Amino acid sequence: MENFPFHDGSIYDMLDTRHTDTRPDVNHSLQMHSSLVRRLSQERELEGHQGCVNAISWNSKGSLLISGSDDTRINVWSYSSRKLLHSIDTGHSANVFCTKFVPETSDELVVSGAGDAEVRLFNLSRFSGRGLDDNAITPSALYQCHTRRVKKLAVEVGNPHVVWSASEDGTLRQHDFRQGSSCPPAGSSHQECRNILLDLRCGAKRSLADPPKQTLSLKSCDISSTRPHLLLVGGSDAFARLYDRRMLPPLTSCQKRMSPPPCVNYFCPMHLSEHGRSSLHLTHVTFSPNGEEVLLSYSGEHVYLMDVNHAGGRAMRYTVGDASKIMSFTPTLNGLELQPPIHDFLQTNIRVRGEVATGLGKCRMLVEIARNSLEEGKHPYYGIEACNEVLEGHLSGIGPMLRHECLCIRAALLLKRKWKNDAQMAIRDCYNARRIDSSSFRAHLYMSEALEQLCKYKEALDFAIAAQCLDPSNSVMAEKVENIKKHIAAAETEKNNKANDGGARSEPRTGRVLSLSDIIYRSEANSDASQDGPRSEREDSDYDEEVEVDFRTSVPGDEGRDVEANFLHGSLNVRIHRRGDSARETVDANGSSGSPSSSSQNDRIPYQPETVIDMKQRYVGHCNVGTDIKQASFLGQRGDYIASGSDDGRWFIWEKQTGRLIKMLLGDEAVVNCVQCHPFDCVVATSGIDSTIKIWTPSASVPSIVSGGAAGPDTADVLEAMESNQRKLSRNREHSL
């Protein structure tokens, strides 16, 4: 696959024809051409911080780069000279997690958010005539209304007056510089900041079927550059949410907890929507440059691409139970909902015949590469990439039979590779293969194997029996059916034994008082249940307690602040939930209720789960478990490539459409968190745990999948690095930064 040409062709041909090409975005395609991306190498290392660099951002013209760090400083760098221009002592008392230039202010206004729950605005013009060492500057505005860490800031193109802040307190606030330059600290008796645009303090969902109850700790937000009324947020559950700011209620204060406002779209890969794991959360969400797609990065998971618009039929939508439906056996696939879209199979009718013949030949060659990878015992990775190129690339002329063949081969390779959620991807392929040929033996066989890997033995048995009926003389299938039956019998025996043991030792629930330690112990003991394994006894029970203990001090973001020893001022919130309860009860130290104002009315209305937009591409190879500020970004003005940092100190670049790994570079001694592409040039800035910022340019002498001559991994280490990252993902438990 290394030598297979990329879809954007030769850069020399593009340069030769540029003067005759009238497309307005022709120069955009040159910014991040594959031949340039594959030559990226570290050009410069910017020194000036004394701690981890948690945030980097370019100004709109690309002439300046701003960074925020654990050292609580904001640095402003010159792009042309690669030198430090300003170093601002922000006055934050905890790590700076986000910083941006405010648009249309001649790059004079910059804003920061930090772990002390504060948002601060600075005017760089006050540095005029000062030396670099004279960095004391008073903030032009100070907003202290958040109660938890501020993780992300958003600005609107063309709007110099407003900045939005997303916080782990479950609110997204709108700060208008024209309405005031400060607000009282959170918890003040006279605090009445009416700047909450989104109140998601009762907005988190454990799964798609569950109503929102817990606080959605916001980790990321973004505003569309093409349709600035669209706002995207992500946080402590599996669902990214798209809001239309024109449809939101008026700004509110924090004094009254509101029910979550309706959103335009939910985004979540179908296989993640029903897990119910409290550890599954988003670390970054962002719009594509044209605003038509969104990118989601998950902690303990992969990076996923979704379509924003579903009206044209491109984006797949699903609701509760759809994930189970594709895993359930039906004898025939003649239902209307299972009919393949016409455009999937009739592409040859709208193509030039010469293009069809050429594309078909390339597809057959790639399918042969994938088949050899499967039969000869080679590493499945390259065979999977070959299939991706056929099924999701730009090649034309593929018909239903070749598509069916490629789907079955990719499913088998995914089951062989066994990276995180590969079995779920194999289920998708088998489902689509059965849509083409409902009597496909291999589609039923691989579906059975995928379900078996997920410990869904009853569903696996249905497909195994169907495969056996399709090929009665296959002795292997008869053996497989018997083995699955043994698994089911063993599981039933174990379940009965547990039920008998539990019945002998259990106390009657009526009148039983559960201690707080009992509940915490039970919650922790069950939090380590494997996401891909069989459901735990706790999940099978209809009696499920959860506990949230929340001690809120009167000083927001006490990281880095001195407090009197053995004395903390604050309130203790204890929330206990039982599965099936539609209301959430919050009892504070002062006895007031923290439930949404409309909860009593909502309790009488059956909860209707939302429809969700599913993934259209997945990007694998990196590891995101160690920090919750890890970014995934579009590269270039057309967004043809996807980049993400990783816990192994590398950062990865994939082709957006096919998910093919293009480049892997070593960018940090520990973890790469931030990846930001220059607005116009083929230049990328990265940062992470190191106190430096790396600048990457296409300066390597030869193209390569690795660093291209600079210090970094050898080509042979690419698979080893990705395998190691997948093992870390599989061991993932609860973590936070």
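Predicted model: local features only at pLDDT ≥ 70, side-chain atom pairs only at ≥ 80, totals over all residues.
Visitor: How many cavities of 30 Å³ or more does the structure hold?
Guide: Rolling a probe the size of a water molecule over the atoms shows where empty space is left. With the cut-off at 30 Å³ or more, the number of cavities in the structure is two.

Visitor: How many residues of the lining of the largest cavity are charged?
Guide: The space in this cavity is about 60 Å³. Its lining consists of Met-270, His-271, Ala-323, Ile-326, Met-327, Gln-424 and Arg-428. Four of these residues are nonpolar and two are polar, and the number of charged ones is one.

Visitor: Which strands stand at the edges of the open sheet of four strands?
Guide: The sheet has antiparallel pairing and the order 26-27-28-29. On average, neighbouring strands here are turned by 20° against each other, direction ignored.

Visitor: Which residue in strand 28 is the bridge partner of Tyr-641?
Guide: Strand 27 covers residues 641–645 and strand 28 covers residues 650–655. The two run antiparallel and are joined by five bridges. In strand 28, the partner of Tyr-641 is Glu-655.

Visitor: What angle does the direction of helix 16 make with that of strand 29?
Guide: Helix 16, residues 717–730, packs on the sheet. The helix touches strand 28 and strand 29. Between the direction of helix 16 and that of strand 29, the angle is about 80°.

Conventions
Residues numbered from 1 in each chain as written. Heavy atoms only, no water. 1 Å grid on protein atoms, 1.4 Å probe; cavity = no way out; pocket = protein on both sides within 12 Å on 5 of 7 lines; lining within 4 Å. Points joined across faces, edges and corners; volume = space filled by probe spheres on them. Nonpolar A, V, L, I, M, F, W, Y, C, P; charged D, E, K, R; others polar. Pairing = 2+ DSSP bridges. Axes fitted to C-alpha atoms, helices over the stretch in contact; angles between N-to-C directions. Contact = heavy atoms within 4.5 Å.
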